[in-house]
Amino acid sequence: MTTLFHRLTSPPFLRAQFQTLTRVGQTFFFIHLFWEHFYCVGAATGASMLPTINIAGDWIVISKLYSRGRGIGVGDMVSYVRPVDGPGMHVSKRIIGMPGDWVVVDPERRDEMIKVPPGHCWTTGDNLPFSNDSRHYGPVPLALIRGKVIARLKPMPKFFENGLKDVED
């Protein structure tokens, strides 16, 4: 008569447990890899991107294929680490200027322009009166960009595209 201890320590049982743990580890590794290097989902709050993103309740999809400014352009909505708050504060804003572009610092006053320095971009929210953006803390280093906001999942799914079109001569 075999005891419970003998059954739990038998090679077939241990092999099955090891295979299960291996599969769980592989699954967590794949999820981590996907989340860190390809896509992530996060809640968006605040009035700075109205009407594109609601004040609360919207969930956005961020493509990390555009991290560190790869392949982004004027008009794209990006997520980045806010330069004045450190690594914990992520914001989503629209790119208004890329390196070498001249931008108006405050569109409401229209009295000062700045050239975006190399390796930086200029961002603003779609709702200027309620946005804390490059007008307050200056150009954003491209290295702080986490990715491009490509879609809204909730409440109504919508994919975002850069609505800017090239000017025809």
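Student: How many residues in the lining of the largest pocket are nonpolar, polar and charged?

Tutor: This is a predicted model, in which local features need pLDDT of at least 70 and side-chain atom pairs pLDDT 80 or more, while totals for linings use all residues. Residues are numbered from 1 along the chain, and side-chain values use heavy atoms, without hydrogens or water. The lining has 11 nonpolar, 10 polar and 3 charged residues, where Asp, Glu, Lys and Arg count as charged and Gly counts as polar.

Student: What makes a space a pocket, and which residues are closest to the centre of the largest one?

Tutor: On a 1 Å grid over the protein atoms alone, a pocket is an open set of points with protein on both sides within 12 Å along at least five of seven lines, and lining residues have an atom within 4 Å of a point. The largest pocket has a volume of about 410 Å³, and of its 24 lining residues the closest to the centre are Ala-44, Thr-45, His-90, Val-91 and Ser-92. β1 (39–44), β2 (58–63) and β4 (90–97) each give two or more residues, with the largest share, 5 residues, coming from β1; strands are DSSP runs (E, at least two residues).

Student: Why is Lys-148 said to sit over the ring of Tyr-66?

Tutor: A charge sits over a ring if NZ of Lys or CZ of Arg is within 6 Å of the ring centre and within 35 degrees of the ring normal. The charged end of Lys-148 is 4.7 Å from the centre of the Tyr-66 ring, so it meets the distance limit and is listed as sitting over that ring.

Technical notes:
1 Å grid on protein atoms, 1.4 Å probe; cavity = no way out; pocket = protein on both sides within 12 Å on 5 of 7 lines; lining within 4 Å. Points joined across faces, edges and corners; volume = space filled by probe spheres on them. Helix = DSSP H or I, 4+ residues; strand = E, 2+ residues; numbered from the N terminus.
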